[in-house]
Amino acid sequence: MNNMFKLAVLPGDGIGPEVMRQALKILNKIKKYLNKKIIINTYQVGGTAINTFGNALPEETLHGCEESDAILFGSIGGPEWDYLPLEKRPEQGSLLKLRKHFNLFANLRPAYIYDNLYSLSPLKNIIIRKGFDVVCVRELTGGIYFGEPKGVQYQPNNTYAFDTEIYYEYEIERIAKIAFNLAVKRKKKICSIDKANVLYTSVLWRRVINKISQMYDEVTLQHMYIDNAVMQLMKNPSQFDVILCPNLFGDIISDQCAMITGSIGNLPSASLNNKNFGLYEPAGGSAPNIAGKNIANPIAQILSLSMLIEYSLQNSVVAQKINNAIIQTLAQGYRTKDLVNQNTQLLNIVTTEEMGTLITQNII
Ligand code: IPM
Ligand code: MN
């Protein structure tokens, strides 16, 4: 049956379902170019699943994902579920569980500025005009997100809480290899982020990255402390290409990279394991404040589909067709609301649905 490709679609909460609909329109249009038959199964996840099944990751959803070749994920979470204990909330109860369950340790978050969107960057023109095109490679299944013990001790006048930052050498090695292999195909430079002046995990991180770098003569490696890195990204983002980060620093840096490009609504991500199984999701959140209004930007979701086609279906030609259609649609002046500022009055503001349709039409 290797002529079939089973795709688990998990739209989730907030803007998830409406942007997912646009990605599926694209998939419907391009499926004829793929040499596999795509079987789509849709499952509930996150807060929506809590409301229906009392569980952010119901058995049926997990099982469906296990039976699939890849997961296309929307977004999860919202204030509605904030009353729940952390481990039951959509974030820990579904997304982090999926990452751990499928061993999705390698998170790739490409961020680049589109030709027509320079004016959206919050950075000064003189800085952003030098260009911005990076991939944040984030370790996704280790570090302080998953380290044990973690918890809170309530006691009279002396309540405390704790999390554990822990990294095994093998975890650092495998994410480093992903980053170096990527750097070889790009500008052959890596900036590795840590806090090695304070944290033991960072000292080990740096040592292991240095060791792996010896296998890659052609790649230039630089180390940078996280506090300096956030400054450097503001001051001169064009100096970066591949940015390699432990889990928590990658969470922070990838949002900063997103904002440098002007909108978090454009940023996709791929989370991969060592068997090339992947979960693909927008890097932005569920945006509950604009959910259901048909104004959300579907580009991050559509680019997540494009990454799925590139990595899981290993078809970069078709992935490029989607990316080109997005570039073309932006060049034609169409923008969802998040992509408009005072400098862009002459543009056509379109809805989520319209943006999805326009991009679909621009696929050739
Ligand atoms: C992300 C998100 C998640 C994270 C949340 C939703 C758990 O912010 O994918 O960056 O912190 O990893
Ligand atoms: Mn994040």
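Strand 4 (106-112), strand 5 (133-139), helix 6 (169-185), strand 11 (268-272), helix 10 (299-311) and helix 11 (316-331) each supply at least two residues of the lining of the largest pocket. Helices (H or I, at least four residues) and strands (E, at least two) are DSSP runs, numbered from the N terminus. The model is predicted: local features need pLDDT of at least 70 and side-chain atom pairs pLDDT 80 or more, while totals for chains, interfaces and linings use all residues. Residues are numbered from 1 along each chain as its sequence is written, chains are lettered from A and ligands numbered from 1 in the order written, and side-chain values use heavy atoms, without hydrogens and water.

**Largest pocket**
- The volume of the largest pocket is about 800 Å³, taken as the space filled by probe spheres set on grid points joined across faces, edges and corners.
- Among its 26 lining residues, L108, L182, M307, E310 and Y311 are the closest to the centre.
- A pocket is an open set of points on a 1 Å grid over the protein atoms alone, where a 1.4 Å probe fits, with protein on both sides within 12 Å along at least five of seven lines; lining residues have an atom within 4 Å of a point.

**Ligand 1**
- Ligand 1 sits in the second largest pocket, with more than half of its atoms within 2 Å of the grid points.
- E91, R99, R109, R138, Y145 and D251 surround ligand 1, each with a heavy atom within 4 Å.
- Oxygen atoms of ligand 1 lie 2.7 Å from a polar side-chain atom of R109, 2.8 Å from a side-chain N or O atom of R138 and 2.5 Å from one of Y145.

Note on methods: Polar contact = N/O pair within 3.5 Å; in protein donor to acceptor, adjacent residues only side chain to side chain.
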